[in-house]
Structures are given as C-alpha cells and as structure tokens.
Amino acid sequence: MKKVWHSLLTKYIVLILIALGFLQLVVILYMVGINFERLVSKVPTIEEIEERWTEDVYEATTDDVDGIVQDWHTQYSQASFFYVNSNGKLVKKWYVHAASKIPEHWDTVTTTRFIQSHYGSPTFTVIRFVGNKDENGFLVLQIERDTLEPAKMESGFLYIAFLLMFAFLGISLLFFMRILKRLVNLEEAMTIREMDGLPIRTEVKKKDEIGAVEQAFNNMVDELREAKKRELEEEQLRRELIANLSHDLKTPLTKMRAQLQNVSADQAQHLDHSISMMSHLIENLMSYSLLTANKMRYHAKDTRIDRLVNQSIASWYPLFEEQGFEVELEVEELSWHIDKLWLERILDNLLQNVLRHANEGKFIRVVVQNNQIMVRDKGQGFVDHAHTKGAGIGLSIVELMAEKMNLSLVIDSTAYGTTVQLYPKD
C-alpha cells in the first residue's frame, strides 16, 4: 500500500481530484457571490418594494401623500415621486430629474402610454391609487433598477476563484518541474564520467517510479564498477603472468643455444630456427605486456620508410627463399615521423605471420607507395583464425603499436590471401 501511495500515477490522480475540487469550489463561490450581498444586507427585492408601496398608498389619504413620499425618500434617496389627482392634473412631483418629461395632464391614453413605455424599462415604476380609490388620484414611485440591485459581490468571489485556479496551476507546475529536475539530474549522472570512465551515482530521494529508475541506474553503475575492478585485476594478473613467463623462458633458451655446438649441423640449424621462433614469441610477450601497461618507450623521429622496409625484407629474405616464396618488392621514397624500432617490430610480426599462415601460397608482395605500406600474400587467409579477433600476440602488438603511433591498420583476409595496409591517420 505504501508503494502505491508513492507512485507518480497516484500523485497525478490526486492532482486531478484536487483540480475537480477546485472547479466545484469555483462554481459554489460564484453562486454564493451572486446572492451573498443580498443575504447579508437584506436588500429588498423589486417585488418586496412593490408590495410595500402598494400597502402604504392603499392605506393613505390625500393628506398623507407628502408623509409617504418623505418616508420613502429616507429609505430610497434615488427615488422620484409625482402625484396626479382624479381630474388628471399633475399636482406635485418630488425629486424628479429635470430631464424627465412628466405630462401635466393625464387621460386614459396618456396613462396607458406611460405604463407601456416604462414596462420592463431600466426605471422601475409603480402606480397606485391613493386609498385604493379612483377619486383620490394616483401616486407614482420611480426608482432606477440598478440602484435596487445588490453590490456585485460575485466579482470578488470570481477573483478568489481565479486565485484558486492559479494556485492549482502553480501546484501542477511545481509537480512537473520537480519531475523534470529529477530527470535532468538523472541525465547528468548518465553523461558525466568519473576518472575511471564510468557514470556517477545519482541520489535517490523518493521511492516512486523515477526513484526506481534511479536505483536501477545506481545498481548498474555499481555492477559496472565491480566489473571494471575485476577486469583491471585480471589484466594486471595477465601482465604479471606474461612478464614472469617471458623471463623464465629466456634462461632455458640461452642454455639451448649454448648446447647447439654438441649436435650435427642439420640439427643445429633446425633447433636454431625453433629457438629463434620461441625467442621472437617471448619478445612479443614482453612487448605486449609493456604496451598494455604503457611502459614501452616511444621515441618518434623522421624516418625513411623505404630504407626501413628494404632492411626488413633483406633480413627476412633468406627465410622466405628457404621456404620457396616468390618475393616481390616495390618501394618508393617515403618518410614518416614515427619510432623506427616500433615500425621494425610491426614489419617483423607481419612478415612472420606470412611465413606461419600463408605458406601454401608461397607468395609475398611488399609495396611502399602513396604514403602507405602494403603487405600481400596468397595464403588461405585467417578468416576462421583467432587473429581476426586480435587474439594473436603478434597481430595484437601490431594493432597496439599502430594505434599508439597514430597509424591506420586495415586487414583484408579472404580464402585467396590477405592484404595488410598501414598508413598515417588524417
């Protein structure tokens, strides 16, 4: 039940109910405002005035006319009066506005027209015979209708109604602004990164739907941070393992080279080749460990790429010739601002991959043109091998070194051969 109460949907429904309550209150206030002044001040209605005037005039005589007029003028200072005798002559008028045109002589036609012209007009008019007798003439009361209406208190209540409506709008705006603020805070938490590159946690202030999202986001950040920690620990362990393994393998390899003098020339050549391959692998392991730890020194300077490629091919040519490879070399003058030793290591790894994985094709072509180095073979490719995923140590070192030297590495490997392109990034 507590969870339902904290729900945004519940709060929104409560807000709608408040709005309906405000609407009902506005209607009630408006209706009360129409009659409030009359109920408080007891202002008589037109019907009550007519009834009282009839009662006073019917009970009077001609001698009481002045008294009646004065009494009524005391209560209704805006009222006007006039008296017409039985002969149709205007005898007297009281408080009549100068612009009012009251006939001096009255007959049936004049009286009828007067009554017709004032029926339903803004001037409330009551004509009554004095003492309820024709021979006494009639006394007329005239009051402007708007003076009889109660003060328009409903306007004040309308102001209150508008204030209530604005109050509701303010509450609604505050409700949605607070939701918007929490969403903005969550967005900032998603975009801001800490030193480890992960999002920051956000504060969970309420246990509603947004609060649930915030809590889920915090849980995700905690899981990412824990995974990052495990990844760093595993990476550190892997580096230490590679470094220790490389160090431990160097000693027996040195001893094996020292013992080559005790075997035949053919065996010595075969063992020396195997030892060289293992030594190269160990060097790759050491280089990979240093690269991933950012501890391998990088010294960039202007380097003639064409000369460096010629030197690498010359050092590897005997091995390619021994394996029966057809070697093509096309080199143009080219210079890059890079680390010479790093590029030598990249070329050595690429050429060694050709010997190891493209032996069936017996072909290698190395081109230095158009500001790029291209190495192409006609082997079976390594689409199905781990190298395409960067798992091979040699190719992994090539990728890491190329990235750190700001070089683009493009590998296109098919069942008919592999092409590797290396060129500076724009």
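Start by selecting helix H2 (residues 8–41), which gives the most to a nonpolar patch, with five residues. Helices here are DSSP runs of H or I with at least four residues, strands are runs of E with at least two, and both are numbered from the N terminus.

Now show the whole patch. Select Tyr 12, Ile 13, Ile 16, Leu 17, Leu 20 and Phe 176; together they have about 570 Å² of accessible area on the surface. Such areas come from the Shrake-Rupley method with a 1.4 Å probe, and for residues only the protein chains shown count as cover. A patch takes residues with over 30% relative accessible area and no salt bridge, joining nonpolar side chains (Val, Leu, Ile, Met, Phe, Trp, Tyr) within 5 Å and like charges within 9 Å. Phe 176 sits in helix H7 (residues 154–191). Its relative accessibility is 43%, so Phe 176 counts as partly exposed. That class lies between buried (under 20% relative accessible area) and exposed (over 50%), using a 1.4 Å probe and protein chains only.

A word on the model. It is predicted, so local features need pLDDT of at least 70 and side-chain atom pairs count only at pLDDT 80 or more, while totals for chains, interfaces and linings use all residues. Residues are numbered from 1 along each chain as its sequence is written, and side-chain values use heavy atoms, leaving out hydrogens and water.

Zoom out. The protein has 12 helices and 11 strands. Of its 426 residues, 35% are buried.

Next, select helix H10 (residues 305–322) and helix H11 (residues 340–357). They pack at about 35°, with axes 10 Å apart. Axes are lines fitted to C-alpha atoms, for helices over the stretch in contact, and angles run from 0 to 180 degrees between N-to-C directions. Residues in the contact (heavy atoms within 4.5 Å) include Leu 308 and Trp 316 of H10, and Leu 343 and Leu 347 of H11.

Last stop: salt bridges. Each is a side-chain nitrogen of Lys or Arg within 4 Å of a carboxyl oxygen of Asp or Glu. The count comes to nine.

- Select Lys 92 and Asp 66: their closest N and O atoms are 3.3 Å apart. Lys 92 is in strand S2 (residues 90–94) and Asp 66 in helix H4 (residues 65–75), 26 residues apart.
- Select Glu 328 and Arg 365: here the closest N and O atoms are 2.9 Å apart. Glu 328 is in strand S6 (residues 326–331) and Arg 365 in strand S8 (residues 363–369), so the pair ties together parts 37 residues apart in sequence.
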